[in-house]
Amino acid sequence: MTLTWALFNMKGDQQVYLDALNVALKEKDIPYQIRFVNISLSFEGDYKAYVDAYLEEVEKGDFDIITCPGTQNCYDTYGMMADRGLLVPLDDFIENEETGRQLKEAYPAPVWDAVKYRGVTYGIPTPITDLKYYA
């Protein structure tokens, strides 16, 4: 099964990352492949229009995984996506599925507290220094 992953204005060729991800999934006997879909938008100096344009493209698409670019100026895309019903709550998966429990163990408790929005977890943070989520 192929899952589509919406990227947000990713620069450069992402093929090496996609190939490595799909190899890792195969090595772990996870029956999925990933296909990236890069949503490229130009920034004209208006963050609200920029964020809204991305959210509109996400709403139109049928994506399985969504890059949530964190805060753009003063706009919290994670909360905005959750409010628009674009994200699926993950708490049941994290608590009750073996893969979810393993994922939960991979991050310290304060991380899971930080990703809750209105008491619900919709996304998984990346292990990098800027705040992005994949939901």
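The model is predicted: local features need pLDDT of at least 70, side-chain atom pairs count only at pLDDT 80 or more, and totals for chains, interfaces and linings use all residues. Residues are numbered from 1 along each chain as its sequence is written, and side-chain values use heavy atoms, with hydrogens and water left out.

**Exercise 1.** Find how many disulfides the structure holds, and explain the result for C68.

*Solution.* 
- Apply the cut-off: a disulfide is a pair of cysteine sulfur atoms within 2.5 Å.
- Search the whole structure. The count is zero.
- Take C68. Its closest cysteine sulfur belongs to C74, 15 Å away, so the two are too far apart for a bond.
- Buried means under 20% relative accessible area, exposed over 50%, partly exposed in between (1.4 Å probe, protein chains only).
- C68 is buried at 0%. C74 is exposed at 59%.

**Exercise 2.** Locate the partners of the D52 to R84 salt bridge, and state what the pair ties together.

*Solution.* 
- Apply the cut-off: a salt bridge is a side-chain nitrogen of Lys or Arg within 4 Å of a carboxyl oxygen of Asp or Glu.
- Check the distance. The closest N and O atoms of D52 and R84 are 3.2 Å apart.
- Place the residues. D52 is in helix 2 (residues 47-60), and R84 is in the loop between helix 3 (77-83) and helix 4 (91-96), so the bridge ties together parts 32 residues apart in sequence.
- Helices (H or I, at least four residues) and strands (E, at least two) are DSSP runs, numbered from the N terminus.
- D52 is buried at 15%, whereas R84 is partly exposed at 34%.
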